[in-house]
Amino acid sequence: MSERSALRSRLQALTREVVKFGAVGGAGVVVNFVVFNLVRHLTEIPVVRASIVATVVATGTNYLGYRYFTYRDRDKQGRTKELTLFLLFSVVGLVIENGLLYAATYGFGWDSPLQSNIFKFLGIGVATLFRFWSYRTWVFQALPAREAVETAESFLTDGAGSPQSVGSPTGAARSGSRD
């Protein structure tokens with residue numbers, strides 16, 4: 001494969017990932033805004049707390065979308081670690097998102113429903129950049145390349161499928177110790 005086609009292939013894979021991330025994120029934004037505006041208008045909960053409730057609900061729906069749609073082909077080992085990291089980075093995103101809303105509401109007094117929705121939208125945008133980077137880098141890690149897996153499998157088995165000893169490319173010499 002030429003350098004140019006390898007680059008094109010990587011760009012296409014990144015584009016597919018961004019589109020899938022955006023689709024799940026878009027659905028999450030809708031959930032976030034619907035819950036935010038319902039909580040804000042149907043309860044007496046202050047604006048930033050209503051936003052935090054909405055962000056938590058959207059985060060739950062987003063995890064399902066990212067795990068089972070966007071990153072379904074990624075490593076599924078260590079789900080506890082994955083979920084822990086997802087929640088950790090989601091909390092950072094929550095602070096970014098709602099920090100902007102807090103600054104607008106309590107720092108500048110911009111508390112009308114329109115202003116709150118605008119600053120919530122801006123907060124979601126900034127937090128989304130952080131979330132995309134952190135989720136793809138730390139949470140939903142890529143599986144090893146197919147060639148590496150095939151090479152490792154062929155190294156571990158000979159033509160008949162029996163295990164080879166480490167250090168013996170032909171599989172003729174076997175290790176005396178068994179693990």
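Buried denotes under 20% relative accessible area, exposed over 50%, and partly exposed the range in between, with a 1.4 Å probe and protein chains only.

Beyond its neighbours within four places in sequence, phenylalanine 86 is in contact (heavy atoms within 4.5 Å) with Thr59, Asn62, Tyr63, Tyr66, Tyr135, Val139 and Phe140.

## Basis of the model

This is a predicted model, in which local features need pLDDT of at least 70, side-chain atom pairs count only at pLDDT 80 or more, and totals for chains, interfaces and linings use all residues. Residues are numbered from 1 along each chain as its sequence is written, and side-chain values use heavy atoms, with hydrogens and water left out.

## Overall architecture

The protein chain contains five helices and zero strands, giving the pattern α-α-α-α-α along the sequence. Helices (H or I, at least four residues) and strands (E, at least two) are DSSP runs numbered from the N terminus. Of the 179 residues, 32% count as buried. Among contacts with a separation of 6 or more, 66% are between residues 24 or more positions apart.

## Helix H3

Helix H3 covers residues 79-107. Its 29 residues reach 40 Å from the first C-alpha to the last, close to the 42 Å expected at 1.5 Å a residue; the expected span is 1.5 Å times one less than the number of residues. Buried positions in H3 include Glu82, Leu85, Phe86, Phe89, Ser90, Gly93, Leu94 and Glu97. The cover over the buried residues of H3 includes H1, helix H2 (47-70) and H4. After H3 comes glycine 109, with a positive phi near 75°.

An α-helix has 3.6 residues a turn, so residues three or four places apart point the same way.

## Packing of H1 against H4

Helix H1 (residues 3-42) packs against helix H4 (residues 113-139) at an angle of about 145°, their axes being 10 Å apart. Axes are lines fitted to C-alpha atoms, for helices over the stretch in contact, and angles run from 0 to 180 degrees between N-to-C directions. The residues that meet include Leu14, Glu17, Val18 and Phe21 in H1 and Ile124, Thr128, Arg131 and Phe132 in H4. By class, this contact has 11 nonpolar, six polar and five charged residues; Ala, Val, Leu, Ile, Met, Phe, Trp, Tyr, Cys and Pro count as nonpolar, Asp, Glu, Lys and Arg as charged, and the others, Gly among them, as polar.

Glutamate 17, in helix H1, is buried, with a relative accessible area of 7%. Not counting residues up to four places away in sequence, glutamate 17 touches Thr70, Tyr71, Arg74, Phe132 and Arg136.

Valine 34, also placed in H1, is partly exposed, at a relative accessible area of 44%. Its C-alpha atom is separated by 7.9 Å from that of alanine 54, 20 residues apart along the chain.
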